[in-house]
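The sequence and structure are shown first.

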Amino acid sequence: MNQVAIEGHVRYVQSLLPAAMERRVLFADGSRRTRSVQYLDGHRMRYRAPRLPRIDGATTRRGFDGIWRRFVKARPDAPLLLYFAGHGSPSPQRNLDNNVFDLWGGGALSVRDLAARMKELPDDTPVVLVMAQCFSGAFANLLFEGGRPDGDLVERDVVGFFAATRDRPASGCTPEINEADYSDFSSFFFAALSGVDRLGRRVHGADFDRNRFVGMDEAYAYALLHQATSDVPVATSDVFLRRFVRKPDHETMATPYSRVLSWARPAERAALEGLSDMLGLRGEHRLRVAYDLEFGAGAGKRDVEDVISAHRLRFIRLAKSVVLARALRQSGDRARIERFERLRAAEARNPLVEARAASVARQAMRRRAAR
């Protein structure tokens, strides 16, 4: 089940990193000779060897731990970007807060496994996670000690953007070879963040606040708006708000739409307006209308493959986050408000731009040292 699209996702993200940026790539069994990539040839399923520019090891527990130990030892205070492209599963113990990333050969890396490894990093090492697998939203719990949703907030800056909530599958794992047809979350996210899509075309329209800089929060909103699949993505700030702001859904969904727009940041406003237009929502009560269509008495059982339902959920969840953020700011809890704003500021960074700037600075230092 190691589809060619997964290989394509890894190749695309590698291509966006500055040449001098240190990186490690784990893929399948780590071998360039094994026919480990599944692809569709007409109507026949075939397998071939990987065609990645770099493979550093196997996507196994041993391979991951080996790379991790070397990173911690060699670059303890370097910023860390973790990108996961592959398959994910609900926790074998049916605890959706501790879902797993599927490893090669049948192993798994759970939320709490990754939390334990991240604890080995210095507290001031910032970590960005982008996860494209099914049920990946559970990994937003890395905000909390031990990866437990009821744990204390970790000290480090941890931000994450995930293709799906903890209870839903995600798109993007296909044996189809035509990359023009790929519509997974991380492709839209990184296209907006870098300004170049996986086919090399320029991407415009993600600079929602028009400051000539696209942050991860804007890239996330761009994906919410443009990804035409049944994915329902989630960000760490969404999980933070739902943990610390208690407000019943019936109160949240009774908020007039004009107020929600007035409280929303430019990226949130653009996504809300775009999703609202797609769904045909109108008027001040559109939050309640959308919520009743999705969860009301006559809604019936939800189909996780229903694209319209997924877009409705994106609209509901985004509107709820805007309302909860407003409620937090009005709570008077200064410490929690400051921590939330710190999280939002970290989500607004662009690690690709920062990596390019760091690479240019290092090259300049080398040139000065050589004179």
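Being four residues apart in helix 2 (residues 61–74), Phe 64 and Trp 68 are separated by about one helical turn. The model that shows this is predicted.

**Aromatic contacts**

The two rings of Phe 64 and Trp 68 form a stacked pair, with 5.8 Å centre to centre and 20° between the planes. Stacking is assigned because planes under 30 degrees apart count as stacked. Both Phe 64 and Trp 68 are buried.

The pair of Phe 189 and Phe 190 has its ring centres 5.4 Å apart and its planes at 85°, so this pair is edge-to-face. Phe 189 and Phe 190 are both buried. These two residues also belong to one aromatic cluster, together with Tyr 83, Phe 161, Phe 185 and Tyr 220. In the whole structure, a search finds 14 aromatic pairs.

A charged side chain also meets a ring: Arg 243 lies over the face of Phe 144, at 4.9 Å from the ring centre.

**Cavities**

How many cavities of 30 Å³ or more does a search of the whole structure find? The search finds two. Their volumes and linings are set out below.

| Cavity | Volume | Lining by class | Element giving the most |
|---|---|---|---|
| Largest cavity | about 120 Å³ | eight nonpolar, two polar, six charged residues | helix 5, four residues |
| Second largest cavity | about 60 Å³ | six nonpolar, one polar, four charged residues | helix 11, five residues |

The largest cavity is lined by 16 residues. Nearest its centre lie Tyr 220, Ser 237, Arg 265, Glu 268 and Leu 318. At least two residues of this lining come from each of helix 5 (216–226), helix 6 (236–244), helix 9 (266–279), helix 11 (307–330) and helix 12 (334–347).

The lining of the second largest cavity consists of Tyr 220, Leu 224, Val 232, Pro 233, Asp 238, Arg 242, Leu 313, Arg 314, Arg 317, Leu 318 and Ser 321. Helix 5, helix 6 and helix 11 are the elements that give two or more residues to the lining of the second largest cavity.

Tyr 220 and Leu 318 line the second largest cavity, and both are also among the residues nearest the centre of the largest cavity.

Three strands form an open sheet in the order 4-5-6, with antiparallel pairing. Strand 4 (88–89) and strand 6 (108–110) stand at the edges with a single partner strand each, so one side of each is left without a neighbour in the sheet. Between strand 4 and strand 5 (residues 100–102), the antiparallel pairing runs over two bridges. Gly 88 has Phe 101 of strand 5 as its bridge partner.

**A loop residue**

Where is the place of Val 196? Val 196 sits in the loop between helix 4 (185–194) and helix 5. With a relative accessible area of 23%, Val 196 is partly exposed, because buried means under 20% and exposed over 50%. From C-alpha to C-alpha, Val 196 and Glu 155 are 33 Å apart in space, and they are 41 residues apart in sequence.

Methods. Residues are numbered from 1 along each chain as its sequence is written. This is a predicted model: local features need pLDDT of at least 70, side-chain atom pairs count only at pLDDT 80 or more; totals for chains, interfaces and linings use all residues. Side-chain values use heavy atoms; hydrogens and water are left out. Rings of Phe, Tyr and Trp (its six-membered ring) pair if their centres lie within 6.5 Å; planes under 30 degrees apart count as stacked, over 60 as edge-to-face and the rest as tilted. Buried means under 20% relative accessible area, exposed over 50%, partly exposed in between (1.4 Å probe, protein chains only). A charge sits over a ring if NZ of Lys or CZ of Arg is within 6 Å of the ring centre and within 35 degrees of the ring normal. On a 1 Å grid over the protein atoms alone, a cavity is a set of points where a 1.4 Å probe fits but cannot get out, and a pocket is an open set with protein on both sides within 12 Å along at least five of seven lines; lining residues have an atom within 4 Å of a point. Grid points are joined across faces, edges and corners, and a volume is the space filled by probe spheres set on the points. Ala, Val, Leu, Ile, Met, Phe, Trp, Tyr, Cys and Pro count as nonpolar, Asp, Glu, Lys and Arg as charged, and the others, Gly among them, as polar. Two strands pair if DSSP finds at least two bridges between them.
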